[in-house]
Amino acid sequence: MFRRVVLIVLDGVGCGALPDAAAYGDAADGGAANTLGHVADAVGGLALPCLQRLGLGNILPLRGVAPVARPQASWGRMAERSAGKDSTTGHWEMAGVIQTQPFVTYPQGFPPEILALFEREAGCPALGNVAASGTSILGRLGAEHLRSGRPIVYTSTDSVFQIAAHEQIWPLERLYALCRRLRPQLDRYRIGRIIARPFVGSVAEGFRRTEGRHDYSMAPPPMLLDALQQADVPVLAVGKIFDLFCGRGISAHWPTAGNADGMARTAAVFATMERGLLFTNLIDFDMLYGHRNDVAGFAAALQAFDQFLEGFLPSLTADDLLLVTADHGCDPTWPGTDHCREYVPLLVCGGAGQPAVALGDRASFADIGATLAANFGVTALAGDSFLTALASPGPQMRQRA
């Protein structure tokens with residue numbers, strides 16, 4: 001039906017706790033995580049006129065974003081079937097991979113056998129080996145790193161092995177090479193991602209992370225992007241999509257420095273692409289605001305995305321399809337700084353003349369992959385396509401209290 005499809009993932013922008021959220025620590029004592037809802041309440045209401053017209057307020061009660069009688073996009077929400085609540089799990093599920101076994105986390109630090117692997121490859125012992133935020137760990141161990149040259153190893157409540165190193169001591173390619181050597185050795189421990197975290201600065205001036213971050217994910221099993229590549233369907237990746245899929249099935253990619261760069265790159269790539277899938281991740285909601293409990297920053301980032309959409313939508317033609325969703329929640333008002341086990345919003349805007357329909361509650365993120373598979377004529381690995389529903393108006397989704 002559509003020659004060009006744009007899939008934009010708002011990293012961490014969930015829309016309400018899943019029924020099993022308590023098992024993940026995201027519901028307790030009558031409360032539950034709700035990234036969009038809580039951000040809207042905390043700032044006294046969001047002003048998102050474009051997303052409101054598309055139907056965001058029809059998905060969940062959202063202060064400042066009322067439901068509309070005739071949304072301009074099809075709307076719904078998706079549950080995560082996979083075990084987990086991280087970016088890799090969420091993106092893989094969109095591509096048809098349902099994980100029954102979650103990636104392993106190490107909230108108490110990594111065991112000696114993993115540290116021994118690191119020391120053998122790095123040529124020196126690690127500093128740290130604790131669960132910590134990426135900014136606080138530099139304040140605690142940055143000076144010792146400068147003195148000793150030993151990289152800082154830390155983790156979080158996610159399945160990540162993060163390596164921080166000063167760019168003057170560990171130039172980027174040296175740090176990346178270390179991560180590449182470690183990646184296959186850590187697969188047996190089911191660590192979802194190794195993340196290179198370069199930084200600059202001094203003890204006197206303070207330290208700051210640079211834009212040289214690079215994620216090294218476990219390789220996914222067979223998934224949608226493989227099938228698209230085999231069918232000669234171009235897949236163009238913006239942001240960390242390339243890293244999350246280890247480059248598999250991707251025709252071209254553009255790393256980004258944040259949301260503003262990602263939105264600008266998405267518009268530029270779309271303007272020149274003739275056919276295929278443009279797959280974008282906008283990371284700032286999660287990395288800069290959700291994990292740092294920055295409610296105001298989160299709200300401002302949503303408003304900036306809304307303004308981007310206002311200018312982007314007129315570029316869609318009758319042969320184009322836009323999907324906007326998320327990969328998990330990251331509620332900046334919820335205790336802690338972890339991801340949240342939440343539903344994610346789904347807005348689907350077809351080309352000119354495509355009616356808006358209620359897509360309801362989808363059982364899996366894999367419904368996106370099934371829809372893309374149906375559109376491009378490849379076999380879906382999981383999920384139920386909603387492609388035909390886009391041309392068949394149905395009853396509106398019941399508004400939730």
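Ser217 sits in strand 10 (residues 214-217); helices (H or I, at least four residues) and strands (E, at least two) are DSSP runs, numbered from the N terminus. The model is a predicted one, where local features need pLDDT of at least 70 and side-chain atom pairs count only at pLDDT 80 or more, while totals for chains, interfaces and linings use all residues. Residues are numbered from 1 along each chain as its sequence is written, and side-chain values use heavy atoms, leaving out hydrogens and water.

With a relative accessible area of 3%, Ser217 is buried (under 20%; exposed is over 50% and partly exposed in between, with a 1.4 Å probe and protein chains only). A polar atom of its side chain lies 3.3 Å from the backbone oxygen of Asp243. Beyond neighbours within four places in sequence, Ser217 is in contact (heavy atoms within 4.5 Å) with residues including Thr88, Arg183 and Asp243.

Strand 13 (residues 276-282) is mostly covered too, with seven of its seven residues buried. Strand 1 (residues 4-10) runs parallel to strand 13 and is joined to it by seven bridges; two strands pair if DSSP finds at least two bridges between them. Here Leu7 stands opposite Phe279. Strand 11 (residues 235-238) is also parallel to strand 13, through four bridges, and Val235 stands opposite Leu277.

Leu277 turns up again in the largest nonpolar core, which has 90 residues; Leu277, Phe305 and Leu322 touch the most other members. Such a core is a set of buried Ala, Val, Leu, Ile, Met, Phe, Trp, Tyr and Cys residues joined through side-chain atoms within 4.5 Å. Helix 12 (residues 295-312) gives the most to this core, nine residues.

Technical notes
A polar contact is a pair of N or O atoms within 3.5 Å; within protein, one must be able to donate a hydrogen and the other to accept it, and residues adjacent in sequence count only if both atoms are side-chain atoms.
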